[in-house]
Amino acid sequence: MGAATVVAVAVAVSVGVVLPFPFYYFLWNHPQAWVDLCGKGMDPSHRMAQISHALKAIQLVSLLSVARISRPPWYCVVLFLLGQFLNFKVYQLLGEAGTYYGVRFGKNIPWVMEFPFGYIKDPQYVGSILSLLACFCWVPFQYIFLWILGYVFMIWVESAEDPATRAKPLN
């Protein structure tokens, strides 16, 4: 493989890995624009989930394109299962609307203190990061690191939530 091809692959994989984060950033900072764009009759959280799943597929295909799959060490399995458990629990407790910015889109989402909330700060992001760390045995460091940086960036963005920037309550 030539140097130009290696660079092109690295750029394409990097773009694929970071693709969701500008989308999340826009929705967090402009929730009313997203609600308006979705229009009447479309749940903005559901539409966000649909697009997020498509973007997640692109991320995964990007990583798989540079992965060297082999039998993972035991600790990678543990990290991955723990990360997925946290993600499952978050989704189980918050549902689609709570997971996909429902409160930003004007929905009333009840406050949850059940584990992992109240015990782990940003449990969904922690779960995702643990799952990514499990992939170090297959995927080059720079791509996992880039993806984790995206999560750290979103943790920082979401830590400064301003209730005044939320969308108008949905009817």
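Reader: Where should I put Arg-104, buried or exposed?

Author: Arg-104 is buried, at a relative accessible area of 1%. Buried means under 20% relative accessible area, exposed over 50%, and partly exposed in between (1.4 Å probe, protein chains only). Bear in mind that this is a predicted model, where local features need pLDDT of at least 70, side-chain atom pairs count only at pLDDT 80 or more, and totals for chains, interfaces and linings use all residues. Residues are numbered from 1 along each chain as its sequence is written, and side-chain values use heavy atoms, with hydrogens and water left out.

Reader: Which side chain meets Arg-104 in a salt bridge?

Author: Side chains of opposite charge can pair when their charged atoms come close. The cut-off for a salt bridge is a side-chain nitrogen of Lys or Arg within 4 Å of a carboxyl oxygen of Asp or Glu. Here Arg-104 meets Glu-161 (3.0 Å, N to O). Arg-104 sits in the loop between α5 and α6 and Glu-161 in the segment after α7, so the pair ties together parts 57 residues apart in sequence. Helices here are DSSP runs (H or I, at least four residues), numbered from the N terminus. Glu-161 also meets Arg-166 in a salt bridge (2.7 Å, N to O). Through shared partners, Arg-104, Glu-161 and Arg-166 form one network.

Reader: How many salt bridges are there in the whole structure?

Author: A search finds 4. Another one of them joins the side chains of Asp-43 and Lys-107 (2.7 Å, N to O). That pair links distant parts of the chain, with Asp-43 in the loop between α3 and α4 and Lys-107 in the loop between α5 and α6, 64 residues apart. Lys-107 is buried at 18%, while Asp-43 is partly exposed at 28%.

Reader: What about α4, which residues of that helix are buried?

Author: They are Pro-44, Ser-45, Met-48, Ala-49, Ser-52, Leu-55, Gln-59, Ser-62 and Leu-63. They lie on the same side of α4 because they cover an arc of only 135 degrees around the axis (taken from the directions from the axis to the C-beta atoms). On the other side, Val-61 and Leu-64 are exposed.

Reader: And how many disulfides does the structure hold?

Author: A disulfide is a covalent bond between the sulfur atoms of two cysteines. With a cut-off of 2.5 Å between cysteine sulfur atoms, the structure holds 0. The sulfur of Cys-137 is 3.5 Å from the closest cysteine sulfur, in Cys-76, too far for a bond.

Conventions. Helix = DSSP H or I, 4+ residues; strand = E, 2+ residues; numbered from the N terminus.
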